[in-house]
Structures are given as structure tokens and as C-alpha cells.
Amino acid sequence: MDPRESVTIAARSIRSHKLRSTLTVIGVVIGIASVVTFATFGASVEAEVVGSIGESGANNVYVLGQPSDEGGFGQAAQPIFTESDVSNIGELDGVEAVIPRGTVQANSVTYGNDTVAIQQLTATVPAAVTSDVLVEGRSFRPGANETVLNRAAARSTFAENVTVGDQITVDRNDASWNLTVVGIVNGTAGELPVGGFGPQPSVYVPADPFYNTVVESPSANVPQRAYPQLTVVAEPAETLAVTDAVESYLQTESDARQLAPAGVDLVARTSGDFAEQISDVISQITRFVTGIAVIALVVGAIGIANIMLVSVTERTREIGIMKAVGARNRDVMELFLLEATLLGAGGALIGLPLGLAVSWGAAQYADVGFALAPFWSALAVLVGVLVGVVAGLYPAWRAARIDPIEALRYE
Amino acid sequence: MAQTQSESVVDLVDVRKTYEMGGIVEALAGVSLSLSDGSYTAVMGPSGSGKSTLLNLIGGLDTPTEGTVTVGGRDLSTATETELAAVRGSEVGFVFQTFNLMPRLTAVENVAMPLVFDGWDRAERRERARDLLGDVGLGDRLDHRPTELSGGQRQRVAIARALAPSPQIILADEPTGNVDTETGERIMGLLEDLHAAGNTIMLVTHERRIAEHAERIAHVRDGVLERVEEVER
């Protein structure tokens with residue numbers, strides 16, 4: 001039959017029960033809006049986090065030991081990378097710098113009259129403090145009693161702000177060090193991108209002389225400093241090649257290979273790898289939450305099916321009349337299916353912008369950039385229409401099979 | 001036989017219809033009847049005699065258990081559901097006791113409805129519906145809904161609807177049963193006009209006074225055609 005006429009008839013029967021149709025559509029709207037909201041908000045968070053990882057050192061290759069039975073990015077903090085490893089990796093093609101990183105135990109740190117319980121200092125090399133991250137001052141020199149603080153440590157840890165040139169005192173069980181603050185940084189080069197999103201106060205000291213974790217190097221046969229993690233800074237565009245070269249060095253020649261405990265894999269990771277892992281985790285969470293939202297959509301579908309069944313029963317006589325004047329089973333089926341589809345599509349049409357608006361609001365509230373999830377949004381609309389079709393199928397089939405004689409007798 | 005068939009619009013040959021309603025009910029027990037082109041036949045009988053079943057079979061609303069029903073040269077006993085729908089839509093026009101108009105549609109839309117299923121385009125449908133409503137005297141009620149019309153007006157809308165696809169035969173089932181006597185006479189006058197214009201009409205009623213408007217009366221009792229009586233003018 002004439003498709004325009006079908007739409008007119010279907011729309012008319014929807015309009016003739018305004019409240020009922022509105023409530024049914026609201027069910028679908030809620031379902032679709034929640035799917036779109038969660039999918040879009042998830043995509044926004046993912047884009048934000050992955051974006052911030054991407055910014056922090058696309059040329060960095062992170063070298064660490066990772067328990068082989070863990071899929072995630074938990075790292076084994078054993079000091080296994082020796083000074084020999086550091087200098088050998090430094091000689092590989094395309095490597096600009098190797099920044100080792102380790103922790104130094106302390107009891108507390110004092111500035112002026114204020115003593116704060118900072119129990120881990122970060123030991124690294126001067127190259128970690130690049131001009132990119134320096135807010136004030138300069139990097140420390142090897143062998144000097146100097147330190148660099150991050151902004152959290154300088155601005156909000158002690159009673160008074162610490163500035164370049166001030167002295168701080170680090171208290172340890174065996175000694176206490178008086179260090180001159182020579183620089184204030186916003187993070188350091190070679191920091192793991194997953195080091196935490198909150199600004200923890202950090203105190204950086206030169207590994208020489210303050211880092212005292214020492215192992216016997218299997219290749220050099222002398223005691224050497226050993227670090228739990230290295231960051232290799234590659235020349236631009238050489239990151240992949242460097243990653244491969246470092247991997248192969250780790251597996252075949254490194255000291256770490258022999259020092260690593262059983263069950264720990266040595267891995268070279270780019271920030272892209274980390275981004276991918278985090279993005280995997282976020283999208284798993286997003287999928288899970290979106291899956292819950294799909295339940296709302298199913299409830300909406302049941303609402304449509306329910307109202308369509310009521311409608312078929314109510315209009316039994318009308319179906320009989322239509323059949324008496326020549327409607328085929330197919331025409332009747334088409335009309336009811338169209339009506340259900342219009343309800344579903346209406347829900348999708350309202351639900352999509354509503355979901356986008358809510359997720360935009362959520363993104364503003366959570367202070368992340370707004371990113372669209374076009375696939376999920378398109379899917380939500382498609383599902384809305386499909387929900388109408390599926391929910392309408394059985395009622396429409398029932399309508400089509402109504403016996404016209406019975407229907408005309410129906411009061 | 002071949003000659004009568006060429007003139008007849010409807011042929012029923014030894015038609016039986018049984019229903020299962022907690023036991024087998026025989027609604028028609030072997031009825032043979034022909035309606036020739038342009039004839040006006042009334043079917044009379046008490047309720048339960050099988051007269052409505054007869055009408056439903058001719059109208060393609062139902063199929064016979066045995067025997068053949070031929071309408072416009074087409075055998076309905078073997079027709080598919082889609083073919084039956086086509087017969088209902090274009091070969092026959094129903095007029096019911098309870099009017100059976102679509103409550104949410106206007107008079108024009110009701111009259112145009114059979115044409116929707118017959119594949120007419122919108123403008124042609126409306127034009128045809130307007131013409132027909134004018135013919136039955138409702139030219140000023142085109143956009144009224146059934147609830148805004150009197151019983152007689154509703155029945156005239158229903159008659160216009162039955163005429164819309166230019167059917168071979170008009171089947172009227174107690175068309176005056178739900179209107180007062182005076183209105184009933186006007187409806188019967190309208191059917192007579194249609195007959196005079198060459199339409200084939202079959203009317204089902206239990207009232208002799210109404211049946212006498214036809215050319216002949218077929219008396220049905222207990223599923224059997226008892227006799228066919230010519231009405232004297």
C-alpha cells in the first residue's frame with residue numbers, strides 16, 4: 001500500500017493516544033539516552049587520558065620488569081637494571097638519553113621549622129630535568145648536594161613556599177643530608193605516564209651520590225648501582241626502532257636478564273603501549289556500564305510491545321473493517337509494525353540529543369574534554385528503530401492473523 | 001450451464017460450511033445459488049439459518065468447507081488469503097448493520113479506504129470519495145467523523161465506501177437494522193437507485209418488508225436454501 005498513507009495512518013493512531021504514546025516513547029528515550037550518555041562520557045574520559053599520555057613523551061621507551069602472569073601494567077620494583085645496562089642501552093642507535101630512576105628511602109624532609117614525612121625520594125640523573133619541565137632554576141649536578149622539587153613539594157607541602165636557593169634537610173636512619181634546592185619542575189622527563197594523576201610531592205636527588213642500591217653486575221663483575229626502571233629517550237621518528245633494539249638487548253645481553261627474578265618479563269614499552277592499555281581498561285568499563293544501560297533500552301522495548309498488544313486488542317474491530325475493505329494480512333502487519341517503529345524512532349530521535357547533552361554536562365563536571373562516540377550513537381539510534389521493529393513484530397503478527405469475521409463481531 | 005455462468009456474477013455450487021464450536025455445527029448444508037449481473041436478491045431467514053455465512057462466503061471473508069464459490073469468475077474456495085483480500089477490496093462492497101466505519105477517520109477517508117489497499121493514488125482516492133459522498137447526499141459532510149453523523153448518514157457513508165472500488169456486487173447485511181424505520185426506507189431507496197443504475201445487490205435480512213425491495217427472495221432455513229420467490233411488483 002501507499003507508504004505515505006501507511007505513515008499517516010500509523011501516526012494518526014499514535015496521536016490518538018497521546019499520553020500513552022508519550023509514556024512509551026519516554027521509556028525508549030531513557031534507554032537510548034543512557035546508552036549514549038555512558039558511551040559518550042566513556043569516550044570522553046578515554047580521549048582525555050590517552051591524550052594526556054600521548055603528550056607526555058611520545059619519544060619515550062619505558063624499560064621495566066613486569067610479572068609475566070599479569071596482563072596489566074603492574075611493575076616489579078626490583079632493582080635489576082645496572083649501570084652497565086644504562087650505558088649499553090645509551091650506545092644503541094637512535095638513543096638520545098637513558099634516564100634511570102630509583103627510590104631512596106628517607107624518614108622525613110625538613111624545610112625551615114617544618115618537618116614533613118616524605119619517605120621516598122626519587123633518584124635520577126641530571127638529564128631527567130629538561131628545560132621542558134623546569135619551572136624555575138636548573139637541574140642538579142652529579143655528585144653535588146643538590147635537589148630539585150616538583151611544584152607540589154615546593155608550593156603546598158611545607159608551611160612556607162620553597163624557592164630556588166633554599167636549603168632542605170633529608171633525615172635518614174644513618175645520616176642527614178643538607179641539600180640546596182636548585183630547580184622546581186612540573187614533572188620530569190622519563191616519568192612513567194601511569195605515575196598517578198594527582199600531584200604528589202616529589203623530591204628529586206642525583207643518583208650519584210645518593211642512590212645506594214647496588215648489585216653485582218654479572219657482565220662487569222663489579223658492584224654497580226641498579227635501578228627498577230629506565231626510560232630511554234629516542235630520537236624523533238626512531239621510537240619503534242629503538243623499542244625493538246632495546247627489547248633485543250634486554251633479552252640477549254642485559255644484566256637485568258640475569259638479575260630478574262623468575263616470572264618477571266623485561267619489557268620495553270612506548271607511551272603508545274600504555275595509552276593502549278589504559279584505553280582498553282576504560283573501554284572495558286565503558287562497555288560494561290553501557291551494557292547496563294542497554295537494560296533500560298530493553299525495558300523500553302517491552303513497553304512498546306506491551307502498548308502495541310493493547311492497541312491490537314483495542315483495534316480488533318478496526319482491523320476487521322480494514323480487512324473487509326481489502327486490506328491484506330501484509331497491510332495490517334505493516335501498519336502495526338510501522339506504528340511500533342515510529343515509537344522506537346521517536347524515542348531514538350529524542351534520546352540521542354538528550355544523551356549527548358547529559359554526557360556533555362558530565363564531561364564539563366568531570367573536567368574532561370568532550371569527545372563523541374559516533375559508533376555508539378549511531379548504534380543507539382539504529383537500536384531504537386530496531387527495538388520498535390522487534391517489539392512490534394509479535395503484536396503486528398497477531399493483528400495480521402485476526403479473523404475478519406470474528407473481528408467484525410468484536411465489541 | 002456455461003451460458004448462465006457468463007451472465008452470472010456469483011455462483012455457489014453445493015456449498016457446505018461447517019464450524020467446530022464444541023462439536024461440529026453445519027451452517028450451510030449444500031447451497032447452490034447464482035446471482036446474475038444487475039440482479040437484486042434478498043436472502044431471508046431466521047437468525048442462525050446460515051444467511052450471514054452465505055454473505056461472508058460470497059464476500060471472501062470466509063471459505064467453504066465443500067463446494068465452490070465463484071465471484072467475478074474467480075473460485076474463492078481455493079483462493080489464498082491475499083487473493084481473498086483482493087476480492088474483498090475490489091469485487092465486493094460490504095454494507096453492515098453496524099456500519100463499521102473507522103471511528104478516527106473522516107467520511108472522505110472512510111470512503112477512500114478501500115482504494116488505499118487497491119493502490120489508488122491520494123488525489124484520485126479523495127476525488128472518487130467526494131463524488132460518491134455527493135451521490136449519497138453527504139456532499140456537505142465530507143470531513144465529519146462518524147461520531148458527528150446520524151445513523152442514517154453513517155450508513156450512507158458505508159454505502160459510498162462499498163461503492164468506491166466499483167465492485168461487481170454489493171453485499172448488504174441487515175443495512176436497516178440499526179436505524180429507525182424512516183431512515184431505513186431512505187437507505188432502501190438508495191439501494192434501489194443503485195440497482196436501477198445497474199449494480200448487483202445481495203441483501204440479507206430477516207424482515208419481509210425489507211426483503212420485498214428486492215427482485216427475488218431466497219429463503220434460507222437450517223443451512224438449506226428452501227425456495228426462491230420472485231417478488232411481484
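**Briefing on a predicted two-chain model**

In chain B, 4 strands make up an open sheet in the order S2-S1-S4-S5, with antiparallel pairing. The edge strands of this sheet are strand S2 (24–36) and strand S5 (74–75) of chain B, each of which pairs on one side only. The structure is a predicted model. For chain A the mean pLDDT is 85, and 94% of its residues reach 70 or more.

**Sheet of chain B**

- Strand S1 (residues 8–20) of chain B is joined to S2(B) by 10 bridges, and the two pair in the antiparallel sense.
- Within this pairing, Leu12(B) has Leu33(B) in S2(B) as its bridge partner.

**Sheet of chain A**

- An open sheet of 3 strands is found in chain A, in the order S2-S13-S12, and its pairing is antiparallel.
- Strand S2 (81–82) and strand S12 (214–216) of chain A are the edge strands, each pairing on one side only.
- S12(A) and strand S13 (residues 223–227) of chain A run antiparallel and are joined by 3 bridges.
- Val215(A) has Gln224(A), in S13(A), as its bridge partner.
- Strands of a sheet pair through backbone hydrogen bonds, in either a parallel or an antiparallel arrangement.

**Contact between the chains**

- The contact between the two chains involves 22 residues of chain B and 18 residues of chain A.
- On the side of chain B that touches chain A, helix H3 (81–91) and helix H4 (107–117) of chain B each supply at least two residues.
- H3(B) gives the most to this side, with 7 residues.
- By class, the side of chain B that touches chain A comprises 10 nonpolar, 5 polar and 7 charged residues.

**Helix H2 of chain B**

- Helix H2 (residues 51–58) of chain B is mostly covered, with 8 of its 8 residues buried.
- Just after H2(B), Gly60(B) adopts a positive phi of about 75 degrees.

**Nonpolar cores**

- The largest nonpolar core has 128 residues, of which Ile32(A), Ile304(A), Phe336(A), Ile58(B) and Val111(B) touch the most other members.
- Leaving out residues up to four places away in sequence, Phe336(A) touches Met308(A), Val312(A), Gly392(A), Pro395(A), Ala396(A) and Ala399(A).
- A second, separate core of 55 residues includes Ile80(A), Phe81(A), Ile184(A) and Leu266(A).

- Val45(A) lies in helix H2 (residues 18–55) of chain A.
- Val45(A) counts as buried because 21 other C-beta atoms lie within 10 Å, where 20 or more are required.
- Apart from its neighbours within four places in sequence, Val45(A) is in contact with Ile282(A) and Val368(A).
- Val45(A) and Asp367(A) are 322 residues apart along the chain, while their C-alpha atoms are separated by 9.3 Å.

**Confidence in chain A**

- Where pLDDT is low, the predicted coordinates should not be read in detail.

Key
Residues are numbered from 1 along each chain as its sequence is written. Chains are lettered from A and ligands numbered from 1 in the order in which they are written. This is a predicted model: local features need pLDDT of at least 70, side-chain atom pairs count only at pLDDT 80 or more; totals for chains, interfaces and linings use all residues. Two residues are in contact if their C-beta atoms, placed from the backbone, lie within 7 Å. Ala, Val, Leu, Ile, Met, Phe, Trp, Tyr, Cys and Pro count as nonpolar, Asp, Glu, Lys and Arg as charged, and the others, Gly among them, as polar. Two strands pair if DSSP finds at least two bridges between them. A residue is buried if 20 or more other C-beta atoms lie within 10 Å of its own, exposed if 12 or fewer, and partly exposed in between; C-beta atoms are placed from the backbone. pLDDT is the predictor's confidence in each residue, from 0 to 100. A nonpolar core is a set of buried Ala, Val, Leu, Ile, Met, Phe, Trp, Tyr and Cys residues joined through C-beta atoms within 7 Å.
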